[in-house]
Amino acid sequence: MVKVILKRKIAPRVLLGHPWIFANEVDRIEGTLSGGDVVAVYTHDQKFVGQGYANPRSQILVRLLTREERVVIDEQYFVDRIKACWTYRQQIGYTENCRLVFGEADGLPQLIIDKFNDYFVLQTLALGIDRWKPALVNALQQLFQPKGIYERNDVPVRELEGLVQQKGFLSDPFDTRIIIQENGLRFHVDLAQGQKTGYFLDQQDNRRAIRSIVKGADVLGAFTYTGTFEIHAAQYGARSVLGLDISAQAVAQANENARLNNLQDRCRFEVANAFDVLKQWTKEKKQYDVVMLDPPAFTKSRATLQKAITGYKEINLRGMKLVRPGGFLVSSSCTNLVGPDLFLEIIGMAAKDARRTIRQVCFQSQSPDHPIIPSMENTHYLKFLIVQVQ
Ligand code: SAH
């Protein structure tokens, strides 16, 4: 096996368990490395660090799969890992739908597998894991006998690894428009055409958190996608619910989801640019008991972080102004670079500018099928906040 020897001085990060090894941390490579190979990593004084897969064209030269020296990375290795991922999800209470594999946080860097009951959606976002795709598919077949497996590798980040963007069946073809159950509700999910893997499982527990604040309420939800939060609000007893999204496809699906749950009388969805509409409605002095915001990530790079901060402040300011005194703002952020403290700070600035007093009701993160590893900041990405707005 090719050996990767680290420099004498490396960030303590690697020894503390972080799986990424950057090219500038490597002193030398012993053997001939081809992209995607599994390599063994050693410190400058020949102490074993771990085994991982390498890609010479990526800034992250190695991503570690294991700290064990003796274990063999083969097809069986992936069966065992995925089985362990499923055991953990079952332990914490997931039965049907969950993120089965959350990349680095599950010791399987750049691998995402979402489980929608009998259907699986897979993303292999680095060369070294993409190579194992047939093994991963076999592992899923063996462990779950799925009704279908679909690849959603239509993700730009793959190009940094020299991979093409692609999507398609990894099992026999099947109807990719499925229906899933969540918190007693039913939702259409389009595994092939939907955003990301088709559905945002990371908010599945947070959707229950709005239960007590929406009873009898007039609710406005912006960035609704397929209407999940809004349909929960209607189910939990809201008087009226309006959801907005810029995507006509998402809005059509959201309206279908309202019908699927027989909530279409109280819950409807419209195509709108939330930034424009919220501003306009503030001018018109419209008021809601609950306003919910769940925008897409505003930036992936530090260069545009300031713009993202301004975006969050702006949308939350507008959202707050639409809340009746004593009502609630439900606000999410999935931008990795905006950490929980910064997010709260932004909300504080928005409240100040809106001249409103806020009280924190709950502040949490993604559901635990997307585990957070404290030493890997990237794993803690979702912020979910409810505040009462006076
Ligand atoms: N709350 C949803 C996920 C929202 S994802 C859920 O739990 O399933 C973010 C959504 O914001 C996407 O559907 C995207 O189409 C929408 N979006 C992006 N920019 C927008 C804008 N300016 N106005 C309204 N919606 C927007």
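**Exercise 1. Find how many salt bridges the model holds, and work out how Arg158 and Asp130 are placed.**

Solution. By the rule that a salt bridge is a side-chain nitrogen of Lys or Arg within 4 Å of a carboxyl oxygen of Asp or Glu, the count comes to 23 salt bridges. This is a predicted model, in which local features need pLDDT of at least 70 and side-chain atom pairs count only at pLDDT 80 or more, while totals for chains, interfaces and linings use all residues. Residues are numbered from 1 along each chain as its sequence is written, and side-chain values use heavy atoms, with hydrogens and water left out.

Take the pair next: Arg158 and Asp130 meet through their side chains in a salt bridge of 2.9 Å, N to O. Arg158 lies in the loop between strand S10 (148–153) and strand S11 (166–169), whereas Asp130 belongs to helix H3 (residues 127–130), so the pair ties together parts that are 28 residues apart in sequence. Helices (H or I, at least four residues) and strands (E, at least two) are DSSP runs, numbered from the N terminus.

For accessibility, buried means under 20% relative accessible area, exposed over 50%, and partly exposed in between (1.4 Å probe, protein chains only). Arg158, at 1% relative accessibility, therefore counts as buried, and Asp130 is buried as well, with a relative accessible area of 15%. Finally, a network of salt bridges links Asp130, Lys133, Glu151 and Arg158.

**Exercise 2. Decide whether Asp353 and Lys313 are buried or partly exposed, and state which helices their salt bridge joins.**

Solution. The side chains of Asp353 and Lys313 form a salt bridge of 2.6 Å, N to O. Because Asp353 lies in helix H9 (residues 340–354) and Lys313 in helix H8 (residues 305–321), the pair ties together parts that are 40 residues apart in sequence. Asp353 is partly exposed, with a relative accessible area of 42%, and Lys313 also counts as partly exposed, at 23% relative accessibility.

**Exercise 3. Give the strand order of the six-stranded open sheet and name its edge strands.**

Solution. The six strands follow the order S2-S6-S5-S4-S1-S3, with mixed pairing, where two strands pair if DSSP finds at least two bridges between them. At the edges are strand S2 (20–22) and strand S3 (26–30), each of which pairs on one side only.

Within the sheet, strand S4 (residues 38–42) and strand S5 (residues 48–54) run antiparallel and are joined by five bridges. Tyr42 has Phe48, in S5, as its bridge partner.
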